[in-house]
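Trainee: I have a structure open and want to learn how to read it. Where do I begin?

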Amino acid sequence: MSLASLIQSVTIELDRQDGESLPLERRLAALLAPALTQPDLLAGINLRFDPKAYSVTLLHVAPEGRFSVCAIAWMPGQWSRVHDHRAWCALGVIDGEGAEEFFRLRAVVNQGGAADPIAEPMGGRALRPGMTSFAAPGPHGVHRIGNPGPRPMTSLHLYGCNLAECGTSVDHYFDA
Ligand SMILES: [Fe+2]
């Protein structure tokens with residue numbers, strides 16, 4: 001599956017109006033899975049691995065910013081911060097050994113009497129090539145992604161927002 005055919009499949013899935021019961025981000029993750037291990041998926045695209053931080057390459061923004069596709073290049077030991085999302089997301093690993101950690105938010109009252117959300121770890125899992133994950137917008141999709149492995153890792157991400165305009169799908173970052 002090429003990137004163009006993946007984009008077409010995502011568009012068709014977004015257009016479906018047949019009463020699907022599974023959440024959109026879950027359906028998109030399932031759609032993403034078979035594309036991840038296709039050797040031509042990122043043909044002709046040069047990803048940059050940055051020793052300072054993981055590097056995002058924006059690959060596509062759908063008309064009217066309906067969704068965005070990007071690839072992320074991770075050097076060993078690089079992780080995202082703990083975050084939630086302002087839009088749905090689906091992701092999967094193309095190459096390398098990734099990992100995902102899940103968090104739940106707990107309100108802690110600070111010295112000023114206001115409630116600060118604290119992210120508590122809820123476990124994690126390995127993300128090997130071809131494996132996917134997804135998150136809904138809001139407080140129930142708090143996670144972080146990273147590369148704990150010994151070699152570079154590449155992942156592909158779909159977001160339900162216009163990354164060219166907003167730069168990121170992250171809504172909030174949290175201390176873990
Ligand atoms: Fe995320």
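Mentor: Begin with pairing: two strands pair if DSSP finds at least two bridges between them. Keep in mind that this is a predicted model. Now take strand β5, residues 98-109, and β6: they pair in the antiparallel sense over 11 bridges.

Trainee: Which residue in β6 does Glu100 stand opposite?

Mentor: Glu100 stands opposite Arg125 in β6.

Trainee: How many residues lie between the strands in the hairpin of β5 and β6?

Mentor: Five residues lie between them. Look at Gly113 in this hairpin: its phi is positive, near 90 degrees.

Trainee: Which strand do four bridges join to β5?

Mentor: That is β8, residues 138-146, and the two run antiparallel. Find Ala99 and look across to β8: Gly146 stands opposite.

Trainee: What is the strand order in the open sheet that holds β5?

Mentor: Read it across: β6-β5-β8-β3-β10. These five strands pair in the antiparallel sense. Now look for the edges. β6 (115-127) and β10 (170-174) each have a single partner strand, so one side of each has no neighbour in the sheet. From one strand to the next, the twist averages 35 degrees.

Trainee: How many bridges pair β3 with β10?

Mentor: Three, in the antiparallel sense, with β3 covering residues 82-85. Here His83 stands opposite Tyr173 of β10.

Trainee: And the side chains along a strand?

Mentor: In a regular strand, side chains alternate between the two faces of the sheet.

Trainee: What is the order of the open sheet that contains β9?

Mentor: It runs β1-β2-β9-β4-β7, with five strands and antiparallel pairing. Its edge strands are β1 and β7 (132-135), and each pairs on one side only. Neighbouring strands here are turned by 20 degrees against each other on average, direction ignored.

Trainee: How many bridges join β2 to β9?

Mentor: Seven, and the strands run antiparallel. β9 covers residues 153-159.

Trainee: Let me try a loop. Where is Glu64 found?

Mentor: Glu64 sits in the loop between β1 (55-61) and β2 (68-74). Check its backbone too. Phi of Glu64 is near 65 degrees, a positive value in a residue other than glycine.

Trainee: Is Glu64 buried or exposed?

Mentor: Count the neighbours. Glu64 has 7 other C-beta atoms within 10 Å, so Glu64 is exposed.

Trainee: Now helices. At what angle do the axes of α1 and α2 cross?

Mentor: At roughly 160 degrees, and the axes come within 10 Å. Helix α1 covers residues 3-15, and helix α2 covers residues 24-36. Angles over 145 degrees count as roughly antiparallel. α1 and α2 are therefore roughly antiparallel to each other. The crossing of α1 past α2 is right-handed.

Trainee: Which residues make the contact?

Mentor: From α1, pick out Leu6, Ser9, Val10 and Glu13. From α2, pick out Arg27, Leu28, Leu31 and Ala35. Sorted by class, this contact has five nonpolar, one polar and two charged residues.

Trainee: Which strands does α2 lie across?

Mentor: It lies across β4 (89-95), β7 and β9. To β4, α2 runs at about 15 degrees.

How values were computed
Residues numbered from 1 in each chain as written. Predicted model: local features only at pLDDT ≥ 70, side-chain atom pairs only at ≥ 80, totals over all residues. Axes fitted to C-alpha atoms, helices over the stretch in contact; angles between N-to-C directions. Parallel < 35°, antiparallel > 145°, perpendicular 65-115°, else oblique. Left-handed = near helix turned anticlockwise from the far one by under 90°. Contact = placed C-beta atoms within 7 Å. Nonpolar A, V, L, I, M, F, W, Y, C, P; charged D, E, K, R; others polar. Buried ≥ 20, exposed ≤ 12 C-beta atoms within 10 Å, placed from the backbone.
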